[in-house]
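Here is a friendly briefing to read alongside the model. Please have your viewer ready.

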Amino acid sequence: MIKIALAGNPNCGKTMLFNALTGSNQYVGNWAGVTVEAKEGRLKGEKDVVIADLPGIYSLSPYTPEEVVARNYLVNEEPDIILNIIDGTNLERNLYLTTQLCEIGIPVVMAINMIDVVKRNGDIIHLDEIAEHFGCECFEISALKGTGVKKCAKRAVELARTNKGVPPLHHSFDDRVESAIHLISSRLPKDCDILHKRYYSTKLFERDELVQKEFNIDVEKIIHDVEVEYDDDSEGIIADQRYRYITSCIDELRTKSNKPTQTENIDKIVTNRFLALPIFALIMFGVYYISVSTVGGMLSDFVNERIFGDTGVVTVGLSNLLMSINCADWLQSLIIDGIVGGVGAVLGFVPQIFVLFIFLSFLEDCGYMSRIAFILDRLFRRFGLSGKSFIPILVGTGCGVPGIMASRTIENENDRRMTIVTTTFIPCGAKLPVIALIAAAFFGKAWWVAPSAYFAGIAAIVCSGIILKKTKLFSGEASPFVMELPAYHMPTLKSVARATWDRGWSYIKKAGTVILLASILVWFLSGFGIYQGKLIMVEDMDDSILAFIGHLVKGIFTPLGFGTWQATTATLLGLVAKEEIVGVFGVLYDDLSVAFSALSGYSFLVFNLLCMPCFAAVGAIKREMNSPKWTLFAVFYQTFFAYCVSLCIYQFGLFFSTGVFSIGTVFAFLVLGVFLYMLLRKKKEPSESKLKQN
């Protein structure tokens, strides 16, 4: 079995190349940190060739989980060849990793990606010069368009099969540094793999903790002598040596045009200090407005009315069929009221889901969403937060589970936990039907409802971050946030369609499994009750088991404006899957407006957007936190925060619209006062005595 490792910087197009070579359905996001584990796939048409998609990294230093995963694979798994993917629009940065890959001792083939963008910018990359300087074959490719991909992969396989791949040239450092590395190399054990000696020696010189633990060799005096001579620490010396080499030869490797690139011209506007946030707000407003209130709304109306509605094709057709075969009344009720009413209500929003995901996939793939992380880092850092925390939030717009998992890319443990706690505030795809339902039922599909739900999630994340960062649990400096902004490009129809389908299909599958079972359960609990110790069918749902359960806890939600047993049970079952809120109302109500006012409906919407996520997301939180206590904290904080926000929305709305002042209004003012205090209070700085101790 031949192993090929794909290695490169974040945003170099590595995972897109992996999908092109293997036919994988893995989604490609256009920002740093999407790939957090090594993934493998078989090369198309080659049963004996395995390709590993390693995490995007900038170096082989053990500072991030991605770097540890990548270097462990390269050193321990020993692939037959490394396919080094390089972003041709940012040659200097990418070649820094190349200098390290060449030291490992494994054959390397270099693939200069985004060559179409390079040529459009007027730049010229000299492949022969690159091959000469790094001692390995070099190819031009465009992973997006498929240009040169097959040729590059075919050559890598040929070199691996014929064992003609030889370790590439590693560039030399200054004589004094080379002498120190050679001396360290001579002290390595005799059984040390000769291919990796250069790599191990350099890492020992850098005081790499993982390599130091592996060999336990005392080379401190060798390192110290060089540090004194260069007046720098050993890691800085090696980094400087690498960049000096790249700088010295970059003009031979590339002829660069002096004209501004298309990406630079666009970024002057969309990342402008004053225009960036308003542009982002307008774009997201447009996305949700089109998805919910116009195009997506019209398509969903058609599906709801013509297919799953009371006079829809599915409902009428099944009713006639069941009546023609004299089906039992209870079974007819189960199929029509339970399954079609519940599952159909959820499936009716599929068009809106797909329209939303088309827009989000386009924005991610074209390179705009990575700019949002960069833009918000400037805002977040004012409050002690990091833009790196926003990457999981962007992932979470599709589904909270991968969003929570994406927090692995955050090195600072406090920041990582805080990100996990707040990520699911962002409306995911499962929450969109709830947004659309409330917007249609109470606000006539008003343009502002759906965008307000999205920005309510953003506000909850920002405010929670500011508050939590001031507590002992999450205090500390924000994680450093460094990322390359990819060049803008027009996404292919195939990539957008695949990303949209992957996200949308998971929603449909949930409707056919979890939502189906939950709808059957709702039908049963709402149609049966206990009378004199016996289970009987009831004509009035107020006498049902579901109503009994709802009545037990509905008082909790009365101050929020939706203290009915129907709304309570919908909220509780929404913990299984947020879409089920729509399914419950599909079974219990023909007209939702009889249960809510517009104010209580919006309060209900906000609570269900911000409260604890579905069970699948809670499971992801538990896995990532690796602690029951932290999981309980996350669930409690999310639900408590949602309750406080909904309380203020309903009580203040009621007070200012009708003049009603109650004990609920008092509590709402108290909550607002505490919230403003926590938000605006100054962060405690360490005392002078503590600083001296540290």
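D251 lies in helix α11, where helices are DSSP runs of H or I with at least four residues, numbered from the N terminus. This is a predicted model, in which local features need pLDDT of at least 70 and side-chain atom pairs count only at pLDDT 80 or more, while totals for chains, interfaces and linings use all residues. Residues are numbered from 1 along each chain as its sequence is written, and side-chain values use heavy atoms, with hydrogens and water left out.

**Negative patch**

- D251 is exposed, at a relative accessible area of 64%; here exposed means over 50%, buried under 20%, and partly exposed in between (1.4 Å probe, protein chains only).
- Together with D128, E132 and E252, D251 belongs to a patch of negative charge on the surface.
- Such a patch takes residues with over 30% relative accessible area and no salt bridge, and joins like charges within 9 Å.
- Asp and Glu count as negative, and the place of a charge is taken as CG of Asp or CD of Glu.
- Helices α5 (127–134) and α11 (234–253) each contribute at least two residues to the negative patch.

**Salt bridges**

- The whole structure holds 25 salt bridges, each defined as a side-chain nitrogen of Lys or Arg within 4 Å of a carboxyl oxygen of Asp or Glu.
- R155 and E158 form one of them, at 3.2 Å from N to O.
- Because R155 and E158 are three residues apart in helix α6 (residues 149–161), about one helical turn separates them.
- R155 is partly exposed at 26%, and E158 is partly exposed at 34%.
- In the salt bridge of E227 with R207, the closest N and O atoms are 2.6 Å apart.
- E227 sits in helix α10 (residues 220–230) and R207 in the loop between α8 (197–205) and α9 (209–215), so this pair ties together parts 20 residues apart in sequence.
- E227 is buried, with a relative accessible area of 12%, whereas R207 is partly exposed at 27%.
- The side chains of R503 and E364 also meet in a salt bridge, with 2.9 Å from N to O.
- That pair links distant parts of the chain, 139 residues apart, with R503 in helix α24 and E364 in helix α17 (residues 350–366).
- R503 is buried at 12% relative accessible area, and E364 is buried at 1%.
- A network of salt bridges links E46, D48 and R161.

**An enclosed helix**

- Nine of the eleven residues of helix α3 (residues 91–101) are buried, so the rest of the structure largely encloses this helix.
- Among the buried residues of α3 are L91, Y96, T99 and L101.

**The loop between α23 and α24**

- H489 is placed in the loop between α23 (449–469) and α24 (493–512).
- With 19% relative accessibility, H489 counts as buried.
- A polar atom of the H489 side chain lies 2.8 Å from the backbone oxygen of D365.
- G476 is also found in the loop between α23 and α24, and at 30% relative accessibility G476 counts as partly exposed.
- The C-alpha atoms of G476 and G148 are separated by 47 Å, and these residues are 328 residues apart along the chain.

Conventions:
Patch = residues over 30% accessible without salt bridge, like charges linked within 9 Å, V, L, I, M, F, W, Y side chains within 5 Å. Areas by Shrake-Rupley, 256 points an atom, 1.4 Å probe, with all protein chains shown as cover. Polar contact = N/O pair within 3.5 Å; in protein donor to acceptor, adjacent residues only side chain to side chain.
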